[in-house]
Amino acid sequence: MNEISISIADDHPMVITGVKKMLEECNHIHILHTYPDGESLLEGMEKHQQPDVLLLDIQMPGKSGDELAPGLIKRFPELKILMLTNLDSTLHVQNMLRHGVLGYLLKSTDKETLIQAIETVNSGKEFLQKNMQEKMVSAGLRIKREVSTKSHLTPREKEVLQCIVDGLSSQEIAEKLYLSVRTVDNYRFNILLKMDAKNIAILVRKAIESGIVR
């Protein structure tokens, strides 16, 4: 399993302690640095080794995480950002993803989800918790990215889409493609957003009409 380095920016010591506790037995994820505010984060990113993944709180004193994220991504193009927040808001999610943030994680998350989120974001893929995915889809929110190439389906997404059109369940797709069910659900969500479809029926119709699948 690939080694992943992370840094955490959050003004609540209990949150940082909690993340450390969750990851203490996870041998492939290492915490490089922690920062209590935006100013120390910016200073540390310039002085210290850059992490693979930055866990960034939205609500911090001084500059907030949503203000910092776009600048950090421009300054450090290889950096993957996972927002860590209590804000259960689809508008915040939409805004963050539009600016290049790859993940949005609530502080109430469990250990398994935290690890999966870090691994997913580190691989360059988006991660949203299932309840947030459902809220985004039901609200009909479409992520229009600044980089147009990201709007195209990846080869793996096309595989999953074909399976969906063939009527396979998430469990059946997972077994066929050797993925976890949660990973399949993440693919489903990303495909719905990219195809601008509010539900599976509309997705299947659009996929067939566009010729993406057989």
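**Stop one: helix 4.** Select helix 4 and colour T90, V93, Q94, M96 and L97, the buried residues of this helix. Buried here means under 20% relative accessible area, while exposed means over 50% and partly exposed lies in between, with a 1.4 Å probe and protein chains only. Helices are DSSP runs of H or I with at least four residues, strands are runs of E with at least two, and both are numbered from the N terminus.

Before going on, a word on what you are looking at: this is a predicted model, where local features need pLDDT of at least 70, side-chain atom pairs count only at pLDDT 80 or more, and totals for chains, interfaces and linings use all residues. Residues are numbered from 1 along each chain as its sequence is written, and side-chain values use heavy atoms, with hydrogens and water left out.

Now zoom in on V93, which sits in helix 4. V93 has 1% relative accessibility, so it counts as buried. Which residues does V93 touch, leaving out those up to four places away in sequence? Show Y104, L128, M132 and M136; contact means heavy atoms within 4.5 Å. For a sense of distance, pick A197 as well: V93 and A197 are 104 residues apart in sequence and 18 Å apart in space, C-alpha to C-alpha. Then step just past the end of helix 4 to G100, which takes a positive phi of about 105°.

**Stop two: the cores.** Select L41, L56, L72, I81 and Y104, the residues with the most contacts inside the largest nonpolar core, which has 47 residues. Helix 9 (residues 181-194) gives the most to this core, with 6 residues. There is also a second, separate core of 20 residues, and V19, L105, L114 and I115 are included in it. A nonpolar core is a set of buried Ala, Val, Leu, Ile, Met, Phe, Trp, Tyr and Cys residues joined through side-chain atoms within 4.5 Å. In soluble globular proteins, nonpolar side chains tend to be buried together.

**Stop three: helix 3 and its surroundings.** Select residues 65-75 for helix 3, where G65, L68, A69, P70, L72 and I73 are buried. What do the buried residues of helix 3 pack against? Bring up helix 2 (38-47), strand 3 (53-57), strand 4 (80-85) and helix 4 (90-98).

Keep helix 2 and helix 3 on screen: they pack at an angle of about 5°, with their axes 12 Å apart. Axes are lines fitted to C-alpha atoms, for helices over the stretch in contact, and angles run from 0 to 180 degrees between N-to-C directions. That angle makes helix 2 roughly parallel to helix 3. The cut-offs are under 35 degrees for roughly parallel, over 145 for roughly antiparallel, 65 to 115 for roughly perpendicular, and oblique for the rest. To see the contact, show G38, L41, L42, M45 and E46 from helix 2 with L68, L72 and R75 from helix 3.

**Stop four: helix 8 and helix 9.** Helix 8 covers residues 170-177 and packs on helix 9 at an angle of about 110°, with the axes 8 Å apart. Helix 8 and helix 9 are therefore roughly perpendicular to each other. Select S170, Q171, I173 and A174 on the helix 8 side, then V181, V184, D185 and R188 on the helix 9 side, to see where they meet.

Next, highlight S170, I173, A174 and L177, which are buried in helix 8. Look down the axis of helix 8: its buried residues fall within an arc of 100°, so they line one face of the helix. The arc is that of the directions from the helix axis to the C-beta atoms. Helix 7 (155-165) and helix 9 are among what covers these residues.

Between helix 8 and helix 9 there is a loop, and Y178 lies in it. Is Y178 buried or exposed? At 76% relative accessibility, Y178 counts as exposed. Phi of Y178 is near 60°, a positive value in a residue other than glycine. Most residues other than glycine have a negative phi.

Jump to helix 1 (residues 13-23) and pick M14. M14 is exposed, at 75% relative accessibility.

Finish with T120 in helix 5 (residues 111-122). T120 is buried, with a relative accessible area of 14%. Show K125, E126 and F127 too: T120 touches these, not counting residues up to four places away in sequence.
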